[in-house]
Amino acid sequence: MKKSPAFLLFTLLVGGVSTAFAQDAALVQAARKEGKVVWHTSLALPSSTAISHYFQNKYKGIEVEVHRNGSQRVLQRFMQETAAGIKNADIVHTSDAGHFELLKDKNLLLKFTPQGVASFPDGFKDKAGFYYGMRATLSVIAHNPKIVSENDAPKTWKDLLNPKWSGKLVTAHPGYSGIIMTHVLALVNVYGWEYFRDLGKNKLHIVQSANDPAGVVASGERPVGVNGAEYFYYKTLKQGNPIKIVYPKEGIPLVVSPVAIAKDAPHPNAAKLFTEFIFSKESQQLLADKEGLYTGHPEVTYPADKPKLKDLKLLSVDADELEKRNAEIKKRFVEIFGA
Amino acid sequence: MPASQTETIGKIGTRSWSTPWLKDPTLPVWIGVTVFLVFLMLFPLGSIFRASLWDETGFSLGRYLEVFTNAAFLKAIWNTVVISFWVGVISVVIGALLAWLVTRTDLPWKKPIRALVMASFVTPPFLGAFAWTLLAGPNAGTLNKLYRSITGSEDALFNVFTMPGLIFVMALYSFPYVFSMVANVCELISSDLEDAAEILGANKWQTAWTVTMPLALPALIGGFILAFLHSLSLFGAPAILGLPAGIHTVTTQIWALFQYPPRLDMAAAFSVPLLLATMVLIAVQKKILGRRGFSTVGGKGGQKRLIRFGWGRVPVLLLVLGVVSLSVFLPYWILLKAALSTAWAMPLTWDNFTLKNFSFAFFEYGDTQRAIFNTFKLGILTATIGTLLATLIAYITNRNLFRGARYLSFFALAPLVIPGIVLAVGLFIAYTRPPLVLYGTIWILFVAYLTKEMPIGFSQAESTFKSIHPELEDASRIIGANRLISLKDVTAPLARSGLIAAWSFIFIGVIRELSASILLFAPASKVVSVVIFDLKEEGQVGVISVLGILLLVVSFAVILAMQWFAGRDVVATRE
């Protein structure tokens, strides 16, 4: 029988896919043997818990130990453990890309490229191959429509400087949140520290997590959030709370949150399997559908009531610059806002 | 028999059987306990001083210089002094008034009031602070909303995210210290002098002000210092109420110094002034309380008669209930409401009702399960080993087993002057590097709790042993039992209720501990208080409330169990 080129192509494809399957099977088996994966994450608690449950349902017998905290705290704990010689963390995930430059420089990361990321945009990939962006978060303005009328509501970053908002604003903290760290740097790059100095005159209520402003705005404790994780505002809104998200036209900080495996991961195979899982189309679609996040996966579709990223003007910052200016940003922020 | 005589005879008894004490086969145990205690206290403190003065480049006073020149640090110190001063003042006003009412007047419902004061004491201050953010946040706070809807005003009645707000809430959870101190004294003041004043024509208030008050003055000052110190060492309440308004205190500043890149050396240098301040204040307090210049206080000879309010009892009772509703009823109610609602700021209707917070806390979120397990494991371990250790130490000091044994009590009580966060700085520095790496396990928390709770356990055991005559023990030793066996089979059973109380106090102290835990936990060794604080930073109101309720329920269960087992009323005093 004469083999057609099509048939050749077919066998090649099947062969290729089945090798991939075999590799996967071996990885799953090795991961099962390790039994668990320890995930240090800054993804909002309900979301990270949900992801871990998806994984546990798919790979029975592998437990995901979720340690959720703010990006800066995740780094702090990880570095404290490292300094004490404790090898506990398998996967590190924060919203401060600078952390991953730091960890890479200190030789604390394992080089690992999950299968799905080839098609991701460049902004989601470390050129050296140590970390990849699992999700993208926007830092936006939001207000409580029950308290602030549509006409009155702030539409731009500069609107927030109006003294009429004195005592009515809430901000999250760059000393806790990587999203806010990125947010502050992005806006400093556009407006300079002047902007935050003026903002500071409006007596802001200071919370820690970029997710917390959603609750503060929804309860009416402060009717306007000057920053905060868009996906968490969106989720809170979807739960029926009074929240209106504003996407400022001058530009919106885009925060790409990387995932990396620790070099001394006690469960390296489970860590690899979990990383593969996170970057699979299935999971990335779940992040978009259930958690309201944006992702780097080009095939993922988003809820109809969310704007498309390509329609927004995005402000991104360089991971290196984030790493270098981390201490300066924290210090200046505390000087301006008091804590 | 007068106490001193009993003690002397007891001493003669033990002395005669314990010499030559070198032959005592249980001696290694006593020496071991002594060495362990001294090490437990000195190692972290030594680590703090070392880290604050030395680094790789050698000796330097530069860090202390920075503490006293850095504007942010100075501001934190100033805030702390102001807050603690006012907390002390308010605690004395509330605590002394309540103590006087409960001991010297015919106020009804005294037992329930004492129980409610105990409830304020048991409530972790960080939990109270969290509840008050829901009650008196300027805009969404339930009380402020109520105020606006009643008065039609635009403004808030009370903003809890301010210095006064912080002071108010911290005082609500510091006044029980003053209460127990003043109540103890008021029980002992005889009414003779008060009678004399009334015969001379003074009215009730003049008598209280000119006679009772001066007699209770040492207790008032002592109580003030205790409340001042308590507020000085708090971390959770200022972090929850102060930071959102840009207010740093010494404890929150020390905590911030642990953020990456950590400045442990600065945290150590910043801890030392706090440590010295507490030492000085405790010394002053001891001096004032130890003077015993008032011969009218202390004896039990005098008669105590109650001041009659008559019909005035009702408004006074309402006032008292108002105070405890601020520290107990309102916070508990809002926690329960938040635990059961989807949106805490909305009315609790069927639409808003949910059990999801409970199922999330207990079944979905892995951290809470591990934390609950860790917390109770640590609580039971620390309480058990702490009581045992405290018993052995109290036995050593009480029976004066070797020369200088009395000085051991100094070490056992030393943690009184070490604020939790300072202890944690010391332990962190001491146990995150070889030879002894405890960080990352629950054992570093165990060491912290054991150290921190030693004074409570020790003073409970001490006062219990004082009241037990050594003759039974001597009898047991004559028929051949050694010291340890006598202690176990004879003395300890007699001391049962005191030791159960010690166990319970340590257990409750452990499960509510935050200020040391917040620096010492690692992701794998979280405890409930830390999880609550983490959740607070993310704003998970419902889940926090569930965990807070859990802590309260367990604490009260332990207290009730203690009263049942020990057969005594521990609500009355806490010595």
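This is a predicted model: local features need pLDDT of at least 70, side-chain atom pairs count only at pLDDT 80 or more; totals for chains, interfaces and linings use all residues.

Me: Why is strand 5 of chain A called largely enclosed by the rest of the structure?

Reply: A residue counts as buried if 20 or more other C-beta atoms lie within 10 Å of its own. Seven of the seven residues of strand 5 (residues 132-138) of chain A are buried, so the strand is largely enclosed by the rest of the structure.

Me: What makes domain 1 and domain 2 of chain A separate units, and which residues belong to each?

Reply: The bounds come from a domain assignment, which gives domain 1 as 13-137 + 255-304 and domain 2 as 138-254 + 313-337. Their centres, taken over C-alpha atoms, are 27 Å apart.

Me: How do you know that the domains of chain A touch, and what does domain 1 bring to the contact?

Reply: A contact needs C-beta atoms within 7 Å. In chain A, 23 residues of domain 1 are in contact with 26 residues of domain 2. Helix 3 (71-83), helix 4 (97-105), strand 5 and strand 11 each give two or more residues to the domain 1 side. Helix 4 gives the most, with five residues. By class, this side has eight nonpolar, eleven polar and four charged residues.

Me: Turning to chain B, what makes up its secondary structure, and why is chain B called as compact as a globular protein of that length?

Reply: Chain B has 26 helices and two strands. Its radius of gyration is 25 Å, close to the 25 Å that the globule rule gives for 575 residues, so chain B is as compact as a globular protein of that length. Of those 575 residues, 50% count as buried.

Me: Which parts of domain 1 of chain B touch domain 2 of chain B?

Reply: Domain 1 is 1-53 + 355-575 and domain 2 is 74-324. The contact takes 32 residues from domain 1 of chain B and 34 residues from domain 2 of chain B. Among the elements giving two or more residues to the domain 1 side are helix 2 (27-53) and helix 26 (541-566). Helix 26 gives the most, with seven residues. This side divides into 22 nonpolar, seven polar and three charged residues.

Key
Residues are numbered from 1 along each chain as its sequence is written. Chains are lettered from A and ligands numbered from 1 in the order in which they are written. A residue is buried if 20 or more other C-beta atoms lie within 10 Å of its own, exposed if 12 or fewer, and partly exposed in between; C-beta atoms are placed from the backbone. Helices (H or I, at least four residues) and strands (E, at least two) are DSSP runs, numbered from the N terminus. Domain bounds come from an automatic or database domain assignment. Two residues are in contact if their C-beta atoms, placed from the backbone, lie within 7 Å. Ala, Val, Leu, Ile, Met, Phe, Trp, Tyr, Cys and Pro count as nonpolar, Asp, Glu, Lys and Arg as charged, and the others, Gly among them, as polar. The radius of gyration is taken over C-alpha atoms; the globule rule is 2.2 Å times the number of residues to the power 0.38.
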